[in-house]
Amino acid sequence: MSSIDASTTRDSGKTAPESGHPPPPPLVNFFGVDFVLRLLLFASTISALVVMVTSKQTKLIPTSLSPPFPAYVSRAAKFNHSPAFIYMVAALVVTCFYSIITMFTSAFVISNPFPSTKMLFNMILFDALMAGIMASATGATGGVAYIGLKGNSHVNWNKICNVYDKFCRHIGASALVSLIASIILVILVIVSSYSLYRRSR
């Protein structure tokens with residue numbers, strides 16, 4: 001009888017760890033990547049904003065007037081002469097401030113590796129909203145910039161980049177960096193969505 005009890009004790013000692021539940025695996029997240037992306041978003045939006053607001057060039061344009069009228073007139077090209085460029089500046093300002101606020105939020109999430117699903121959902125929602133704003137502003141700016149570069153012979157719109165070359169380079173560079181900011185926002189939506197998916201499992 002004692003031998004049976006001893007064998008039972010040995011068997012139970014072997015099977016006890018097997019019957020227990022293993023500890024849950026650590027939660028995989030990309031909160032560090034999220035913070036770096038938001039830092040890049042801030043850098044790209046502030047760079048595009050500075051390049052856009054400094055896009056001013058003044059040129060002497062020849063006229064067809066005869067003396068005593070002047071043969072040349074001074075004309076300046078500025079970003080605030082186009083509603084599309086004004087929209088771009090407004091979108092960049094909003095996105096820049098948004099990136100600053102969300103950088104602090106992302107830093108808080110890094111210190112707390114188990115954020116609430118509500119916080120992650122709100123970040124996805126606002127990231128998607130800002131991505132839409134930046135994409136629309138970049139598209140509007142790119143469309144106007146293309147007209148300035150190539151013109152439109154069907155409606156007799158002349159190109160201006162052969163005259164305002166510096167101004168067009170500023171606009172083109174700002175549109176390119178803004179496109180990068182839009183891509184970063186899309187990546188942020190994907191990263192936050194994955195974090196929410198892992199958090200809800």
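The model is a prediction, in which local features require pLDDT of at least 70 and side-chain atom pairs count only at pLDDT 80 or more, while totals for chains, interfaces and linings use all residues. Residues are numbered from 1 along each chain as its sequence is written, and side-chain values use heavy atoms, with hydrogens and water left out.

The protein contains 5 helices and 2 strands, where helices (H or I, at least four residues) and strands (E, at least two) are DSSP runs numbered from the N terminus. Along the sequence these elements follow the pattern α-α-β-β-α-α-α. Of the 201 residues, 30% are buried (buried, under 20% relative accessible area; exposed, over 50%; partly exposed, in between; 1.4 Å probe, protein chains only). Among contacts (heavy atoms within 4.5 Å) between residues at least 6 apart in sequence, 78% join residues at least 24 apart.

Two packed helices are described by the angle between their axes and the distance between the axes. Axes are lines fitted to C-alpha atoms, for helices over the stretch in contact, and angles run from 0 to 180 degrees between N-to-C directions. Helix 2 (residues 31-53) packs against helix 3 at an angle of about 155°, with the axes 8 Å apart. Helix 2 is therefore roughly antiparallel to helix 3 (angles under 35 degrees count as roughly parallel, over 145 as roughly antiparallel, 65 to 115 as roughly perpendicular and the rest as oblique). The contact of helix 2 with helix 3 comprises 22 nonpolar, 6 polar and 2 charged residues; Ala, Val, Leu, Ile, Met, Phe, Trp, Tyr, Cys and Pro count as nonpolar, Asp, Glu, Lys and Arg as charged, and the others, Gly among them, as polar. Helix 2 passes helix 3 in a left-handed crossing, a crossing being left-handed if the near helix is turned anticlockwise from the far one by less than a right angle, and right-handed if clockwise.

Helix 3 (residues 83-111) and helix 4 (residues 117-150) also pack at an angle of about 155°, with an axis separation of 9 Å. Helices 3 and 4 are therefore roughly antiparallel, and by class their contact has 19 nonpolar, 5 polar and 1 charged residues. Their crossing is left-handed. For helix 2 and helix 4, the packing angle is about 30° and the axes lie 14 Å apart; this pair is therefore roughly parallel. In this pair, Phe 31, Asp 34, Arg 38 and Met 52 of helix 2 meet Leu 120, Met 123, Asp 127 and Thr 141 of helix 4. The residues of that contact divide into 4 nonpolar, 1 polar and 3 charged.

Individual residues were also examined. Ser 178 lies in helix 5 (residues 165-200) and is buried, at 0% relative accessibility. Not counting residues up to four places away in sequence, Ser 178 touches Ala 48, Met 88, Leu 92, Met 134 and Thr 138. Met 119, in helix 4, is partly exposed at a relative accessible area of 23%. With the corresponding sequence neighbours (up to four places away) not counted, Met 119 touches Thr 105, Phe 108 and Val 109. Asn 162, in the loop between helix 4 and helix 5, is exposed at 56% relative accessible area.
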